[in-house]
Amino acid sequence: MSGSSAIKTILLMRHAEAAAEEPHQTDFQRCLTADGIRIASETGAALLTEGFRIDRVIASAAERTRQTADLVTTAMHSTAARLDLEELYCAPAKRFEATLCERTFDDETSVLVVGHNPGTASLMCRWADRSLSVSPATVAVFESSADTWHDVKRTKTHVPKLVCLLQHGEVAWALDKN
């Protein structure tokens, strides 16, 4: 890839709606609700319709985030490699940002990161430089002019720019590129 023409796309997603914790399970084991399953699939279809693709998936190892990632990638017809990381379970924004920089390859141009609140919402709002409502299954799509994933940080040169926001399985906002 040539230097200045590279664009890194980050699809930062909060997992879809999860069921209440059952007495025989931990929070880590919670699954998606039927509505969560539907919305995650609709979100993947909407991302595909908008022309987004993914080269890698990074998800918390919790059941609900793994399910969300599976449903989104299936709807996008993606076979992207996925990393399920316990360190992302309820992680803060800085851990998501560091993981994005540390666990990707520079020939990958688009990464889906699926996590939990408040970490994902905090990172979405920080990168967007605005307050966002981050309900379950919200995806904020950012683009960065960084040449490497290590450079995708909040710096004056490579600040990720919000280009699209999906909520409830559909596009809620998109940057007018005209």
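Q: What makes β2, helix α2 and β3 a right-handed unit in this predicted model?
A: β2, helix α2 (residues 63-75) and β3 make a β-α-β unit. With the strands pointing away from the viewer, a right-handed crossover runs clockwise from the first strand over the helix to the second. The unit of β2, α2 and β3 is right-handed, so its path is clockwise in that view.

Q: How do you know that β2 and β3 pair, and in which sense?
A: Pairing needs at least two bridges. β2 and β3 have five bridges, so they pair, and the sense is parallel.

Q: What makes β2 and β4 a pair?
A: Four bridges link β2 and β4, and the cut-off is at least two, so they count as paired. They run in the parallel sense. Arg56 stands opposite Val111 in β4. Ala59 stands opposite Val114 in β4.

Q: Why is β2 called largely enclosed?
A: Buried means under 20% relative accessible area. Five of the five residues of β2 (residues 56-60) are buried, so the rest of the structure largely encloses the strand. Both faces are covered. Arg56, Ile58 and Ser60 are buried on one side, Val57 and Ala59 on the other.

Q: What makes β4 mostly covered?
A: Six of its six residues are buried. Ser110, Leu112 and Val114 point one way from the strand, while Val111, Val113 and Gly115 point the other way. All of these are buried.

Q: How many bridges join β1 to β4, and in which sense do the strands run?
A: Six bridges join them, and the strands run parallel. Within this pair, Thr9 has Ser110 of β4 as its bridge partner.

Q: Why are β3 and β7 called edge strands?
A: The open sheet has seven strands, in the order β3-β2-β4-β1-β5-β6-β7. β3 (81-85) and β7 (170-174) each have a single partner strand, so one side of each lacks a neighbour in the sheet. From one strand to the next, the twist averages 20 degrees.

Q: Which strands does helix α4 lie across, and at what angle does it run to β1?
A: Helix α4 (residues 119-128) lies across β1 (8-14), β4 (110-115), β5 (139-144) and β6. The angle to β1 is about 140 degrees.

Q: How do you know that the bond joining Asn117 and Pro118 is cis or trans?
A: Look at omega. The value is about 10 degrees, and the peptide bond is cis. Pro118 lies in the loop between β4 and α4.

Q: Why is Cys90 called partly exposed?
A: Its relative accessible area is 40%. Cys90 sits in the loop between β3 and α3 (93-102). Its phi is positive, about 55 degrees, although Cys90 is not a glycine.

Q: What makes Ala137 buried?
A: The relative accessible area of Ala137 is 0%. Buried means under 20%, so Ala137 qualifies. Ala137 is in the loop between α4 and β5. Its phi is near 75 degrees, a positive value in a residue other than glycine.

Note on methods:
Residues are numbered from 1 along each chain as its sequence is written. This is a predicted model: local features need pLDDT of at least 70, side-chain atom pairs count only at pLDDT 80 or more; totals for chains, interfaces and linings use all residues. Side-chain values use heavy atoms; hydrogens and water are left out. Axes are lines fitted to C-alpha atoms, for helices over the stretch in contact, and angles run from 0 to 180 degrees between N-to-C directions. Contact means heavy atoms within 4.5 Å. Buried means under 20% relative accessible area, exposed over 50%, partly exposed in between (1.4 Å probe, protein chains only).
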